[in-house]
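Open the model in your viewer and colour it by chain. This tour moves from one selection to the next and says what is there.

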Amino acid sequence: MKVALVHDWLTGMRGGERCLEEFCELFPAAHVYTLLHNKGAVSPRIEAMPIHASFIQELPFAARGYRYYLPLFPTAIEMFDLREYDLILSSSHCAAKGVRCHPHQVHISYCYTPMRYVWDMAHLYFSREVFSPLSRRLIPPFLNGLRMWDALSSRRVDHFIAISRHIARRIAKHYRRDAAVIYPPVDVARFKHEKAEDYYLLVSSFAPYKRIDLIMQAFRELRLPLRIVGEGQEYRRLKKYAGPNIRFMGRLSDEAVVEQMARCKAFVFAAEEDFGIAPLEAQAAGKPVIAYGRGGVGETIDGYPMSGDADRDRAALAGGEYGGVFFPRQDVASLVAAVRLFETTTDCFEPAKLRAHVALFAPERFKREIKETIDRLLTAGSGGGN
Amino acid sequence: MKIALIHDWLTGMRGGEKVLEVMCELWPEADLYTLLHVPGKLSPAIENRKIITSGIQKLPKAVEWYRYYLPLMPTAIEQFDLRGYDLVLSTSHCVAKGVITQPATCHISYIHTPMRYVWELFEEYFGAQRTGRFKRLIISFFANYLRLWDVASANRVDDFIANSGHVAKRIAKHYRRASTVIHPPVDTTRFSIGQPEDFYLVVSALAPYKRIDLAVQACARMRRKIKVVGTGQDEDLLRRIGGEYIDFLGWQDDATIVQLYQKCRAFLFPGEEDFGITPLEAQASGRPVIAFGKGGARETVRGMHEENPTGVFFSEQTVDGLMQAIATFEQNESRFDPVQTRAHALTFDREVFRRRIKEHVEGYYATYRAQQG
């Protein structure tokens, strides 16, 4: 069986590329097709594969400015000639799922999300804070075209696999398709647990939907020490607002992140995330998670949903069954209340239990589930639903 | 529960706005989003709420020219930020159904018609007889885009309600989606049975696809009096072909129209409509309807082969076809009972609509929530 792996772009190692790495393990003879490949940007395991890039690669400033070519991605992805393959496995958060396939081929798409910046998160991405009034006028017609293409090209997929139930719901809403759910792999083994020091931790890219602004406001109010690891488009803007109790650590090496995780009091997270790897990594370090209980995090973390009644919440957490605290609303007051509750229940979380819980998300489980599901879908053939 | 209502544009009270009005009464707390709003043109039940308009409102001379901005409307409707609403109810004859909602938001769309000027009525609107070659070419490209968008955006609706079985078929044809039929409301309380006189009646916009020319010609050839209420682009043409038997009344107020309905011998309805409220207004006045047997009229008028008929259908949309139907009607005039006719119209009353739409929306919303888990 000849296999093609289609991935949006190879410009760095993030969650999606970790999945691609596992796909490469599963199908070592496969070829990789991608819009753009910055040589050396991904792990040796992926770099060792035969990689075919689209014409986006040839465009000026593509290596760094490729995002501006978004309106060309649909056409670029449609230009791949995949006639010789039997199985097309696309790993898609943007255009990869739109490759052209033949009736005898089976196209399975592992979907990180339907293009979220054109659908339900458009207002978060293209907000007044980030884009100038002129761009905000020029962008909508492009989004209009991308929405049509995204919805129509979803029909080219024979079977969808979503990274979470949250994403399966988004696939159902925007594509009207069913999807199996397989959580992505989390490298839990590299994390360790140590005695907590006096700081809360957030590891995140600085994208608007991560709501780092909200976490910072809450911690200014709480006057508790917070460390923020990561960088991104909002880094400079938000750094200005860091008070004495908030420390910006910038981008750290994997090893340094492991150290920070190992010694934090708890991990704080305010995003409605498609999946949310970082909170699971914190659990792998045996640390409780204080998070907005929606999206993927609501599925993967065994958080206690706050009722608002402090006595009742403390009593519930005293049982030691939970992996963290979920705050119900994505606002400062809700997060402040959650941290205050946590401060009085710090000893109610059992590190060994948290670590055992996340062992379920290890790469072996991912590989096994993907293999089983693909085998099952291949028997089902193309053209059907899930 | 937070609710948003989406309506294409608010520039006057027509059939579509009557549907919206009932929804506004049912959900008084709901916010209303629309491409364009001309304040004061709508009933207080609609205007007494937060109304959010789109970028179309800010374009030059939008109130007069908004129809020319049609190619921008898909993008404009997509800009509404509907985060935080639990339920979005769109009433759509154009682009309202294409709003973007969150996965957690339930989107139910009441469809008056899938954009008919790019589908079935493209020729009637932009056919070779009325539009020059160059203009037609340009329009065809926009229509191509609008067709693609119309189908792609149908995907965004969780649950379709059609205003008639006819529209349900068109939704199935163009969008490949199932829908539930709920006929729009008719305010039957405004009408009552009176003493008929000897003339036939037309109440209609004088647009080409309404085929008022058939009614005028048939009456002229049969030497029957016909009164025509309404204005529109075909007025001069109709005057020419009507001769001495036609009485053009132009625009008339509601009270006069109520009286005309009561007094007419029968109401003529020669066009193919998605639903058609006027035949029901005539029936609510106890008067029979002579209608082309296609489209919404088939659902609102009981034909000759049924018990207690309320009208006569003709199957060929020609002058001869209509003349035959008028002859059949006149031979069987005693079979049409005003009381039975009005009773039939009452099954389409506003209250019936109100109850059905409430039941359906609440029922579907509960199902949607249950699926979300």
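Start where the two chains meet. Select 14 residues of chain B and 15 residues of chain A: these are in contact (C-beta atoms, placed from the backbone, within 7 Å). On the chain B side, α4 (73-78) and α6 (133-154) each supply at least two residues. Helices here are DSSP runs of H or I with at least four residues, strands are runs of E with at least two, and both are numbered from the N terminus. The side of chain B that touches chain A holds six nonpolar, five polar and three charged residues. Ala, Val, Leu, Ile, Met, Phe, Trp, Tyr, Cys and Pro count as nonpolar; Asp, Glu, Lys and Arg count as charged; the others, Gly among them, are polar.

A word on the source. This is a predicted model: local features need pLDDT of at least 70, side-chain atom pairs count only at pLDDT 80 or more, and totals for chains, interfaces and linings use all residues. Residues are numbered from 1 along each chain as its sequence is written, while chains are lettered from A and ligands numbered from 1 in the order in which they are written.

Next, chain A. Colour domain 1 (3-185 + 363-380) and domain 2 (188-361) separately; the bounds come from an automatic or database domain assignment. The C-alpha centres of these chain A domains are 29 Å apart. Their contact takes 17 residues from domain 1 of chain A and eleven from domain 2 of chain A. On the domain 1 side, α5 (122-125) and α7 (165-175) of chain A each give two or more residues. The largest share, three residues, comes from α7(A). That side has ten nonpolar, five polar and two charged residues.

Now chain B. Its domain 1 is 3-185 + 350-372, and its domain 2 is 188-346. Here the contact takes twelve residues from domain 1 of chain B and eight from domain 2 of chain B. Helix α7 (165-175) of chain B gives the most to the domain 1 side, with three residues. By class, that side has three nonpolar, eight polar and one charged.

Which strands of chain B form the open sheet? Select six, in the order β10-β9-β8-β11-β12-β13; the pairing is parallel. Two strands pair if DSSP finds at least two bridges between them. The edges are β10 (246-250) and β13 (311-314) of chain B. Zoom in on β12 (289-292) of chain B: four bridges join this strand to β13(B). B:Val289 stands opposite B:Gly311 there.

Methods:
Contact = placed C-beta atoms within 7 Å.
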